[in-house]
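Here's a quick briefing for anyone opening this structure for the first time. Have a look at it below, then read on.

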Amino acid sequence: MKLSDLRNLDRNNLGAWPQGAKLLLCGVLFALLLLAGWAWSIRDQQDTLEQKRGQEVQLKQDFHEKQVKVVNLEKLKQQLDDMREILHQLLRQLPSKTQMPELLIDISQAALSAGLETQLFQPGPETIKENFYAEKPISLRMLGTYHQFGSFISAVAALPRVVILTMHDVSLKPSAAGPKTGGELTLEGTVKTYRYVEEDEVDNKKAAPAQKTAAGAPAKGGQ
């Protein structure tokens, strides 16, 4: 079929077209459908490809970060061990369990030596924190001058062991007899001191609940 014959075909009357023209038209339509289907499939695959490329970049980044961690793992472990050793050394400068009673006496004696009047000095039960130190609250009420309280703090700081005192709900105010005694102050509240916890204490603390559970379990088989 010649090109001039195709131009003379009536587009509004496809049924009157020659057999060759009809076959040609069907072939063109079929090719267009195949092309459209191929383009649609390729577009989906391109989206998937872009998604996979993005995942590849993320995986490479994750791999690089993990590789850096693995390379520095031994160095980080050594740094962690060094930090633990330093922490142990610092904690061991705190009083131990056996030294705590003597420490409380030293604190009380420091207040007495500074000229403070101790109306209340009552240690409370201690609490183990984070399995490596224990805090012990002390309820107190002391009377004295500003300079006497300063001398008391200096005396506590000069004790052989490292002594940490933190104040909780502590008030310092003029006493009722202040005007008569030359500016006497009243310190009242709770302070907490801290000590080092030995490893066997932590082990005993962990074993106590298990022993208590075993002791409370009913016996089997007996009448």
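Let's start with Tyr194, which counts as buried because its relative accessibility is 12%, under the 20% cut-off. Keep in mind that this is a predicted model.

**The aromatic pair**
- Searching the whole structure turns up one aromatic pair.
- It's made by Tyr133 and Tyr194, with ring centres 6.0 Å apart and planes at 55°, so the pair is tilted.
- Tyr133 sits in strand S3 and Tyr194 in strand S5, so the pair ties together parts that are 61 residues apart in sequence.
- Tyr133, at 22% relative accessibility, counts as partly exposed, whereas Tyr194 counts as buried.

**The nonpolar core**
- The largest nonpolar core has 19 residues, and Leu116, Met142 and Phe152 have the most contacts inside it.
- At least two residues of this core come from each of these elements: helix H4 (100-113), strand S3 (133-144), helix H5 (146-157) and strand S5 (185-196).
- H4 gives the largest share, with six residues.
- Leaving aside residues up to four places away in sequence, Phe152 touches Ile107, Ala110, Ala111, Ala114, Leu116 and Met142.

**The surface patch**
- Leu24, Val28, Leu29, Leu32, Leu35 and Trp38 make a nonpolar surface patch of about 610 Å².
- One of them, Leu24, belongs to helix H2 (residues 19-71).
- Leu24 has 42% relative accessibility, so it counts as partly exposed.

Note on methods: Residues numbered from 1 in each chain as written. Predicted model: local features only at pLDDT ≥ 70, side-chain atom pairs only at ≥ 80, totals over all residues. Heavy atoms only, no water. Core = buried A, V, L, I, M, F, W, Y, C linked by side-chain atoms within 4.5 Å. Buried < 20%, exposed > 50% of the residue type's maximum accessible area, 1.4 Å probe, protein only. Helix = DSSP H or I, 4+ residues; strand = E, 2+ residues; numbered from the N terminus. Contact = heavy atoms within 4.5 Å. Phe/Tyr/Trp six-rings, centres within 6.5 Å; stacked < 30°, edge-to-face > 60°. Patch = residues over 30% accessible without salt bridge, like charges linked within 9 Å, V, L, I, M, F, W, Y side chains within 5 Å. Areas by Shrake-Rupley, 256 points an atom, 1.4 Å probe, with all protein chains shown as cover. Salt bridge = Lys/Arg side-chain N within 4 Å of Asp/Glu carboxyl O.
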